[in-house]
Amino acid sequence: MDTRPALAPEPLDHLDLADPLLHADHDLGPLWRRLRAEAPVHWQPETARGPGFWAVSGYADVVSVLSDSETFTSERGNVLDTLLAGGDSAAGQMLAVTDGRPHQALRSALLKPFSPRSLGVVVDSVRRSTRALVEEAVERGQVDFAEDVAAHIPLAAICDLLGVPAAERRHIIELTSSALSSADGAPTEEATWSSRNGLLLYFSELAAQRRAKPYDDVVSLLVTKEIDGRPLTHEEIVFNCYSIIMGGHETTRFAMIGGLHALMEHGEQWRALKTGRVEVASAVEEVLRWTTPALHSGRTATRDVLLEDRFVEAGDIVVTWLASANRDERVFDRPDDFDLARTPNKHLSFAHGSHFCLGSFLARAELTALLESLVELVASAEPAGEPRYVYSNFLSGMSALPVALTGERPTGRDGDR
């Protein structure tokens, strides 16, 4: 159960959905329900943060927007802060902010290393490292699950793919954790830009190294790959490395932290998972729906269009709120219940359409490894302090989750515990 207070009722025009404090300090479930019922396509007026924008909260409308890249383009940006600032400098060069033929060509180039067949070795490594992290946490008894366990699992996998040396991964954790969010108050423009530029600089140097001496990793693939008969520019390589590390680390990390928090809050679901009454695969999908680590996906209208009964003009910013769509009562039965056996579960946590998350298989494999390790090694998990939520209007999750873990007793020869 979310212990944060619900937002006090106020006129919808007074809302500022771009405010990171709004998302960190409040349970927005009641607000999303209100928007879906009263204003599923809601115009948020201009604020000091930037121009006004359309907030799309219903599942069907979100799918409609994300399915139509000709009418709702990503090429000006897909993150609200970037759109409010006037657009993304990586537009047309980074997979997440391209559309049409350039997007298809770049996505095709990246499909192979993210395919299930290619990821076999990485997934095996994820299983081993995840089990080791959970074993160590159980031995310690009390840990910050966010920092000591969840931060390392997706980062190790994505760094393996990118060829980031082990000694440099702590630095990468620090940069990714502050590039789109903050653990201690609203992120400042200076801090976020510093972190983003730090990541871009790091991958610029790594790309230069791989250009001189390629290895079997994604950076080397980008350095040597041709798209439509031409090599990728240095900027395209760097921007896409940035996109991969951010997409592959932060969102899965928050899903893991939120998943354990939900299991502690819903003991009957933990017991169902422990006893095998619920399949891990089904549990993974509900954790993804329940946590929805990426709150939104932004677009820009390329032409005048009606959405519901609202007239959206060419050039308008349109923000689809995945966090709301994943709780839409018209699509999900009992959407505010954490139900690991939920079926069907067509959540939008990996977005939808041509920009469906490239790393979805890897993310599911990482969550599977974590849940399997928890089931096998942990007898009980209890809160050991208050969780802390990140400050962001794009990412949703906890920066700290103190827990006390009790391990399973070793099995004796007679099979008794």
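## The nonpolar cores

A nonpolar core is a set of buried Ala, Val, Leu, Ile, Met, Phe, Trp, Tyr and Cys residues joined through side-chain atoms within 4.5 Å. "Buried" here means under 20% relative accessible area, with exposed being over 50% and partly exposed in between (1.4 Å probe, protein chains only). This is a predicted model, where local features need pLDDT of at least 70 and side-chain atom pairs count only at pLDDT 80 or more, while totals for chains, interfaces and linings use all residues. Residues are numbered from 1 along each chain as its sequence is written, and side-chain values use heavy atoms, leaving out hydrogens and water.

So what's inside? The largest nonpolar core has 97 residues, and Phe145, Leu162, Phe203 and Ile245 have the most contacts inside it. Helix α12 (residues 234–265) gives this core its largest share, 16 residues. (Helices, H or I with at least four residues, and strands, E with at least two, are DSSP runs numbered from the N terminus.) Leaving aside residues up to four places away in sequence, phenylalanine 203 touches Leu162, Val164, Val238, Cys241, Tyr242 and Ile245; contact means heavy atoms within 4.5 Å. There's also a second, separate core of 21 residues, and Leu28, Trp32, Phe53 and Ala55 are among them.

## Rings that pair up

Rings of Phe, Tyr and Trp (its six-membered ring) pair if their centres lie within 6.5 Å; planes under 30 degrees apart are stacked, over 60 edge-to-face, and the rest tilted. That rule gives six aromatic pairs. One of them is edge-to-face: tyrosine 59 and phenylalanine 332, 5.8 Å centre to centre with 75 degrees between the planes. Tyrosine 59 lies in helix α3 (residues 59–67) and phenylalanine 332 in the loop between α15 (322–325) and α16 (360–377), so this pair ties together parts 273 residues apart in sequence. Tyrosine 59 is buried at 13% relative accessibility, and phenylalanine 332 is buried at 3%.

Tryptophan 290 and phenylalanine 338 make a tilted pair, at 5.3 Å and 55 degrees. Both are buried.

## Charges over rings

A charge sits over a ring if NZ of Lys or CZ of Arg is within 6 Å of the ring centre and within 35 degrees of the ring normal. Phenylalanine 332 has the charged end of arginine 289 over its ring, 5.4 Å from the centre. Arginine 4 lies over the face of tyrosine 389, 3.7 Å from the ring centre.
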